[in-house]
Amino acid sequence: KKEFISGKGNEEQTEIIPTYQEYLKKSFQFKRKLKVVIDSGNGTAGLVAPKVIRDFGHETIELFSEPDSSFPHHHPDPTVEANMQDLIKKVRETKADIGLAFDGDADRIGVVDDRGTIIWGDKLLILFSRFILQENPGAKFVADVKCSHLLFEDIKKHGGRPIMWKTGHSLIKQKLRDEE
C-alpha cells in the first residue's frame, strides 16, 4: 500500500525458481534415465520438482502437483507411512525406478524404491554419509535420537564420527555450529 511512516525504500523482485532449477541441474549427473514418480502432496514441490526431474531427462509421473493448502489427497508428511500409500501404489503400477514424496514446504522427502518399499530417513543418511566420507574422511555427523543405531554404527564403520543429539531443527543446527 506504500503507507510508510517515514523514510525511503525500494522493492526488488527476483524469480528464484529458475535459478534454483539451474543450480540443481548443475549439481547432479545421472548415468541413465529413470522413471520417477513424484508425490508433491499438493505442496510447494509441485511448482519445482516435476520440471527439474523432467529437465534431467527422466520420465516423470506426477501425483498431486497442484498446490492446495487443504491437502485433499493426504497430509504432506512423508515420515508417516499412511501418507506414502499413493506413491507406493503408483511406483508398483508403473514399474518406476523410484518414488519421491515431499512435505508441504518441500524441505523433507520420502523415498520409495522400485518395489514400493519405503527407504526411511536413517537409511538414506547411511547412503549420504558414505558418499560424504569418500570426499571427507573422518567427517562428523550429527543425527537425532530418533535415528536407528544402524546409522551410527555405519558411520563409525566407514571412518566417520557420529554424534547423537536432541530432536529438533534448531537444536541440530546449533549442535552443527558447536561442532565446527
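Good morning. What we have here is a predicted model, in which local features need pLDDT of at least 70, side-chain atom pairs count only at pLDDT 80 or more, and totals for chains, interfaces and linings use all residues. Residues are numbered from 1 along each chain as its sequence is written, and side-chain values use heavy atoms, with hydrogens and water left out.

I begin with the sheet. Helices (H or I, at least four residues) and strands (E, at least two) are DSSP runs, numbered from the N terminus. Two strands pair if DSSP finds at least two bridges between them. Here 5 strands form an open sheet with mixed pairing, in the order β2-β1-β3-β4-β5. At its edges are β2 (59-63) and β5 (118-119), each of which pairs on one side only.

Let us look at β1, residues 35-39. It runs parallel to β3 (residues 98-102), and 4 bridges join the two. In β3, Leu100 is the bridge partner of Ile38, and Ile98 is that of Val36. Strand β1 also pairs with β2, in the parallel sense, over 5 bridges; there Val37 stands opposite Ile61. From β1 the chain passes through helix α2 (residues 49-55) to β2, a right-handed β-α-β crossover (with the strands pointing away from the viewer, the path from the first strand over the helix to the second runs clockwise). Is β1 mostly covered or mostly exposed? It is mostly covered, since 4 of its 5 residues are buried (under 20% relative accessible area; exposed is over 50%, partly exposed in between, with a 1.4 Å probe and protein chains only).

Next, the helices α4 and α5. Two packed helices are described by the angle between their axes and the distance between the axes. The axes of α4 (residues 121-135) and α5 (residues 149-157) come within 9 Å and cross at roughly 10°. Axes are lines fitted to C-alpha atoms, for helices over the stretch in contact (heavy atoms within 4.5 Å), and angles run from 0 to 180 degrees between N-to-C directions. The two helices are therefore roughly parallel (under 35 degrees). Among the residues in this contact are Leu125 and Ile126 of α4 and Leu150 and Ile155 of α5.

Finally, the loops. Most residues other than glycine have a negative phi. Phe71, in the loop between β2 and α3, has a positive phi of about 45° and is partly exposed, at 26% relative accessible area. Ala106, in the loop between β3 and β4, has a positive phi of about 65°.

Note on methods: Angles under 35 degrees count as roughly parallel, over 145 as roughly antiparallel, 65 to 115 as roughly perpendicular and the rest as oblique.
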